[in-house]
Amino acid sequence: MTAVATRPRVPAPGSTLRVLAGVEARRFARHPLFLAGVATCVIPTVTAANDANSDVLGGDGFFPALLVGVVSMVVAYQLTRSTRRSAEALHAVPTAATTRTGALCLACVVPAAAGVLWLAVKLIAIHRWPPQPWMFGTFGLGDRFAILAGESVLACLGAPLLGVAAGRWLRIRGGAVLLVAGVTGWVTAGFAVALNSTGGLLATGLRLSTPFTVFLTSGKGYRSLDSWTGSPWWYLLWLVALCGLATIAALLHGATGGTRTRLLRVGALFVIVGLLAYGLAVTGGLRRTVTVHPDGTRTAAAAR
Amino acid sequence: MIRPTVELIGVGKRFGGTAALDGVDLALTPGITGLLGPNGAGKTTLLRILATVLAADEGVVRLLDHDLATPQDRTAVRRRLGYLPQELGFPRGFSAFRFVDYMAVLKEWGSAPARHAEVRRVLEQVDLATLATKRISTLSGGQRRRVALAQALLGAPDLLVLDEPTTGLDPEQRVALRRVLAETARAATLVLATHQTEDVAALCDRVIVLSGGHVQFDGRVAQLVAAATGRVWLADAPDPAAQASWRTGSGRYRNVGKAAPSAAEVVDPTLEDAYLLLRGATTSDSIEVPA
Ligand SMILES: Nc1ncnc2c1ncn2[C@@H]1O[C@H](COP(=O)(O)OP(=O)(O)OP(=O)(O)O)[C@@H](O)[C@H]1O
Ligand SMILES: [Mg+2]
């Protein structure tokens with residue numbers, strides 16, 4: 001034997017969470033699927049950067065949301081499930097299940113950071129190669145930021161958080177497939193309803209209930225752009241609340257006693273904030289879809 | 001008298017209609033205790049309770065001076081506990097080092113240099129130093145078992161709960177493990193369940209035999225073996241009066257029964273003989289050992 005057995009000192013509160021979050025973040029950052037998603041996302045980001053005709057606030061955000069967000073949701077799900085086979089030993093360690101889940105949630109800053117990077121590249125590109133003003137539709141500076149941040153940072157954070165929650169709660173084979181199908185189906189359904197309308201509370205409500213949406217779409221050949229209904233800032237806050245709820249849902253797995261009570265309280269707060277933000281997102285902003293033309297004129301969107 | 005480190009009073013555990021444990025009383029002190037018993041006797045259930053993984057339905061469980069009533073109590077016990085489950089899976093893609101390091105983080109080693117040194121120490125104890133960076137999925141069954149053992153040894157626990165630690169290990173590794181366990185048990189309470197009576201004979205001061213969720217025997221190994229003196233004999237044929245008999249490598253039959261016939265060649269009993277006698281095995285389940 002080479003070394004004498006030692007024993008760790010009882011750690012300061014939160015220090016195990018910090019160390020564990022570092023471990024999980026490294027696992028996330030090195031996950032082949034995550035790396036492939038990020039690598040694939042780089043291509044459209046770079047090609048769109050100096051393309052004057054690119055969908056400035058529209059379809060571009062689809063790439064980080066799908067290639068980083070949805071892919072990270074699967075990665076987070078897999079990472080969460082990966083230690084399940086060692087569960088029997090994990091139940092006998094001093095670190096609580098909620099701490100392990102918390103570390104996984106904290107590791108979701110890795111894909112979120114990729115989203116931040118995408119947002120930074122996008123903002124720099126807009127600054128460096130400014131699109132014509134009409135290409136932002138009806139949206140001012142603040143709204144533009146909220147739209148882009150929602151499509152990138154919040155999608156890249158929220159999707160993996162949902163992946164962690166699903167990894168903790170789902171007990172079925174092929175859970176990841178079901179999760180992806182569920183989320184993309186939800187987003188697509190909300191979008192499909194909106195595509196067939198020019199506004200109205202129901203269509204806006206359905207579209208903005210989903211965790212990913214666009215606020216600006218282009219017609220064929222960029223001859224005009226449609227600015228969609230709803231308030232981008234309140235929608236962003238709704239997304240923040242959804243992230244919070246996903247985290248609480250994940251942490252609630254295996255939580256008991258006081259921890260569970262505290263989590264439920266914070267969860268209730270997120271529900272209230274979320275519903276408020278959602279309501280304001282649906283009722284705020286544009287009431288009807290507005291078409292903006294290259295000469296700057298605005299018309300009510302044609303009925304669809 | 002030394003205060004017991006493990007104390008169970010009237011402990012019961014049911015799974016649906018099955019009473020896995022029923023009125024188990026135990027008091028253990030530092031040293032190695034072997035747990036024997038047939039399949040389904042309740043050994044794993046008992047060890048899971050000692051490892052704080054499972055809560056008893058009834059009775060009192062005190063471990064290392066804590067009852068397990070509050071989460072704080074359980075955490076305090078877990079800080080001084082090592083547990084090897086009967087079956088342990090590993091996260092896909094992990095190497096032995098990474099897995100044991102992951103467990104070390106969960107066992108509250110914060111500082112990476114100290115943690116890594118401890119991980120290397122336990123991997124060396126189970127003779128896996130050279131295989132530490134190999135993926136666990138590419139290791140042999142016995143090597144995987146040693147990875148599982150390594151995580152239990154982290155931090156020299158005061159209470160070490162091992163469920164069939166030697167399963168799958170080759171003879172050399174088993175002997176090496178006995179050395180490690182004997183050393184660990186100088187300052188710790190070690191409970192191990194096994195079907196290998198020779199491990200119990202070689203390692204344990206004390207043996208507990210469980211049967212149908214009850215303690216059938218609790219005492220010193222020598223005591224149990226002594227009870228079989230004069231009740232094991234060799235003969236050229238299986239003795240119908242024996243409780244168990246089997247053909248040995250020499251071609252002769254080893255008989256274990258209530259009493260050896262007067263002219264029989266009586267031999268020294270082993271713990272296995274004593275265990276079989278205790279279990280009241282019959283000739284109908286005699287074991288054939290090929291020559
Ligand atoms: N999780 C469970 N659900 C239902 N029944 C269980 C469970 N765990 C154990 N049992 C039952 O409890 C009894 C004791 O099982 P246990 O695993 O403790 O036995 P054991 O002595 O460890 O057996 P073996 O030598 O085969 O490992 C058995 O009848 C078993 O079927
Ligand atoms: Mg067992």
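1. Let me begin with B:Ala156, which sits in the loop between α5 and β7 (159-163) of chain B. In this predicted model, the phi angle of B:Ala156 is near 40 degrees, a positive value in a residue other than glycine. B:Ala156 is partly exposed, at a relative accessible area of 26%.

2. With 47% relative accessibility, B:Asp127 counts as partly exposed.

3. Now to the metal site. Which protein atoms are the donors of the magnesium ion (ligand 2)? They are OG1 of B:Thr44 and OE1 of B:Gln86, at 1.9 to 2.1 Å from the ion. B:Thr44 belongs to helix α1 (residues 43-50) of chain B, while B:Gln86 belongs to the loop between β6 (81-84) and α3 (96-106) of that chain, so the pair ties together parts that are 42 residues apart in sequence.

4. Staying with B:Gln86, its contacts beyond the neighbours within four places in sequence are B:Thr44, B:Arg145, B:Asp163 and B:Glu164. B:Ala260, by contrast, is 174 residues away from B:Gln86 in sequence and 38 Å away in space, C-alpha to C-alpha.

5. On the domain layout, chain B is divided into domain 1 (1-80 + 157-220), domain 2 (92-156) and domain 3 (224-280). The C-alpha centres of domains 1 and 3 of chain B lie 29 Å apart. How many residues of domain 1 of chain B are in contact with domain 3 of chain B? Twelve residues of domain 1 are in contact with six residues of domain 3.

6. The salt bridges come next, and there are 16 of them over all chains. One joins the side chains of B:Arg3 and B:Asp65, at 2.9 Å from N to O. B:Arg3 is in the segment before β1 (6-15) of chain B and B:Asp65 in the loop between β4 and β5 of chain B, so this pair ties together parts that are 62 residues apart in sequence. B:Arg3 is exposed, with a relative accessible area of 56%, whereas B:Asp65 is partly exposed at 46%.

7. Another salt bridge pairs B:Arg80 with B:Asp158, with 2.7 Å between the closest N and O atoms. B:Arg80 lies in the loop between α2 and β6 of chain B, and B:Asp158 in the loop between α5 and β7 of chain B, so the pair ties together parts that are 78 residues apart in sequence. B:Arg80 counts as partly exposed at 30% relative accessibility, but B:Asp158 counts as buried at 18%.

8. A salt bridge within one helix is also worth a look. B:Arg121 pairs with B:Glu118, the closest N and O atoms being 2.8 Å apart. These two residues both lie in helix α4 of chain B, three residues apart, or about one turn of the helix. An α-helix has 3.6 residues a turn, so residues three or four places apart point the same way. B:Arg121 and B:Glu118 are both buried. Elsewhere in chain B, a network of salt bridges links B:Arg174, B:Arg178, B:Glu198 and B:Asp199.

9. Helix α2 (residues 71-78) of chain B has B:Asp73, B:Thr75, B:Val77 and B:Arg78 as buried residues. Their cover includes β4 (58-63), β5 (66-67) and β6 of chain B.

10. Turning to chain A, A:Thr16 lies in helix α1 (residues 15-29) of that chain and counts as buried at 11% relative accessibility. Neighbours within four places in sequence aside, A:Thr16 is in contact with A:Pro11, A:Thr95, B:Val105 and B:Glu108.

11. Finally, A:Trp234, A:Leu237, A:Val240, A:Leu269, A:Val273, A:Leu276 and A:Leu280 make a nonpolar surface patch of about 590 Å². The elements giving two or more residues to the patch are α10 (232-252) and α11 (257-283) of chain A, and α11(A) has the largest share with four residues. A:Trp234 is found in α10 of chain A and is partly exposed, with a relative accessible area of 37%.

Terms used
Residues are numbered from 1 along each chain as its sequence is written. Chains are lettered from A and ligands numbered from 1 in the order in which they are written. This is a predicted model: local features need pLDDT of at least 70, side-chain atom pairs count only at pLDDT 80 or more; totals for chains, interfaces and linings use all residues. Side-chain values use heavy atoms; hydrogens and water are left out. Donors are N, O and S atoms within 2.8 Å of the metal (3.2 Å for Na, K and Ca); water is not among the atoms, so sites may look incomplete. Patches are made of residues with over 30% relative accessible area and no salt bridge: like charges are joined within 9 Å, nonpolar side chains (Val, Leu, Ile, Met, Phe, Trp, Tyr) within 5 Å. Accessible areas come from the Shrake-Rupley method with a 1.4 Å probe; for residues, only the protein chains shown count as cover. A salt bridge is a side-chain nitrogen of Lys or Arg within 4 Å of a carboxyl oxygen of Asp or Glu. Buried means under 20% relative accessible area, exposed over 50%, partly exposed in between (1.4 Å probe, protein chains only). Domain bounds come from an automatic or database domain assignment. Contact means heavy atoms within 4.5 Å.
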